[in-house]
Amino acid sequence: MGIILSTEKPEDYEEVINLTDLAFKDMPFSNHKEGELVHKLRKGPNFVEELSIVAKLDGKIIGHILFTKLYIKDVEKSYETLELAPVSVLPEYQRKGIGSMLINEGLKRAKEMGFKSVMVVGHPDYYPRFGFQKAEKYNIKSSIEVPADVFMAIELIENGLKDVAGTLIYPEEFA
Ligand SMILES: CC(C)(COP(=O)(O)OP(=O)(O)OC[C@H]1O[C@@H](n2cnc3c(N)ncnc32)[C@H](O)[C@@H]1OP(=O)(O)O)[C@@H](O)C(=O)NCCC(=O)NCCS
């Protein structure tokens, strides 16, 4: 497949929202508001343009990933990180490696941009293959209630989460 990864452009916005809704349509854990989440995050202050990436095949968008800037806070300090959410592949193109391509490209870009870590709430069987580990290993909690095994973190550089501890603050868009 001749898949091209590129930074999402305003003309892609509508197609990406439709793709996101289709990807999550039959997911039992979904609240079916992931398209709306993408829309809200794009308009928010934590949007990072280069970290909204589309996968195109013959000009059609078949996958998308978004990383948003968030903060891990303890009593005195605040540490910048990224939240991976959501990642979506059109149902008919799933399990062909496109999600992995998007995640690897996003992690690579994030590292090049100087981010030290990424957090995710997701499938505990999927994300460890990219190096994500349970966030509790790094003493990081979530401001929204999530089971421990689905709340994960990855260090983009050695010791990227060393000396970081606290609560990842999810803005209201994620509620
Ligand atoms: C999750 C998703 C982005 C993965 O993208 P993809 O292109 O299908 O994944 P890849 O082809 O790179 O990887 C396939 C692997 O993902 C695993 N996988 C896919 N969906 C999964 C799921 N819902 N739960 C657990 N593992 C899953 C498959 O088991 C497969 O593993 P294998 O290689 O051992 O067979 C895609 O399936 C999707 O859009 N799903 C619906 C939306 C969603 O759940 N997003 C993630 C929320 S955390």
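Q: What makes a stretch of residues a strand?
A: A strand is a DSSP run of E with at least two residues, and strands are numbered from the N terminus. In this predicted model, Ser117 is found in strand β5, which covers residues 117–121.

Q: How many helices and strands does the protein chain have, and what pattern do they follow?
A: The protein chain has 3 helices and 9 strands. Read along the sequence, the pattern is β-α-α-β-β-β-α-β-β-β-β-β.

Q: What radius of gyration does the protein chain have, and how does that value stand against the one for a compact globule?
A: A compact globule of 175 residues would have a radius of gyration near 16 Å; the protein chain has 15 Å, and therefore the value agrees with that of a compact globule. Along the principal axes, the C-alpha atoms fill a box of roughly 50 × 30 × 30 Å. Of the 175 residues, 48% are buried. Among contacts with a separation of 6 or more, 68% are between residues 24 or more positions apart.

Q: Why is Ser117 called buried?
A: Buried means under 20% relative accessible area. Ser117 has 1% relative accessibility, so Ser117 counts as buried.

Q: How do you know that the side chains of Ser117 and Thr81 are joined by a polar contact?
A: A polar contact requires a pair of N or O atoms within 3.5 Å. The side chains of Ser117 and Thr81 are joined by such a contact at 2.8 Å. Neighbours within four places in sequence aside, the residues in contact with Ser117 include Glu80, Leu82, Ile154 and Leu161.

Q: Where is Ser30, and is Ser30 buried or exposed?
A: Ser30 lies in the loop between α1 (13–24) and α2 (34–43). The cut-off for a buried residue is under 20%; at 11% relative accessibility, Ser30 therefore counts as buried.

Q: Which polar partners does the side chain of Ser30 have?
A: A polar atom of the Ser30 side chain lies 2.7 Å from the backbone nitrogen of His32. The side chains of Ser30 and Glu34 are joined by a polar contact of 3.0 Å.

Q: Why is His32 called partly exposed?
A: Partly exposed residues fall between the buried limit of under 20% and the exposed limit of over 50%. His32 has 46% relative accessibility and so counts as partly exposed. The place of His32 is in the loop between α1 and α2.

Q: What makes the phi of His32 and that of Arg95 worth noting?
A: Most residues other than glycine have a negative phi. His32 has a positive phi near 60° and is a residue other than glycine. Arg95, which is not a glycine either, has a positive phi of about 65°.

Q: Why is Arg95 called exposed?
A: Exposed means over 50% relative accessible area. Arg95 has 87% relative accessibility, so Arg95 counts as exposed. Arg95 is placed in the loop between β4 and α3 (98–112).

Q: Is the peptide bond from Ala85 to Pro86 cis or trans?
A: The bond from Ala85 to Pro86 is cis, with omega near -15°. Most peptide bonds are trans. Pro86 is found in strand β4, residues 78–89.

Note on methods:
Residues numbered from 1 in each chain as written. Predicted model: local features only at pLDDT ≥ 70, side-chain atom pairs only at ≥ 80, totals over all residues. Heavy atoms only, no water. Helix = DSSP H or I, 4+ residues; strand = E, 2+ residues; numbered from the N terminus. Rg over C-alpha atoms; globule rule 2.2 N^0.38 Å. Buried < 20%, exposed > 50% of the residue type's maximum accessible area, 1.4 Å probe, protein only. Contact = heavy atoms within 4.5 Å. Polar contact = N/O pair within 3.5 Å; in protein donor to acceptor, adjacent residues only side chain to side chain.
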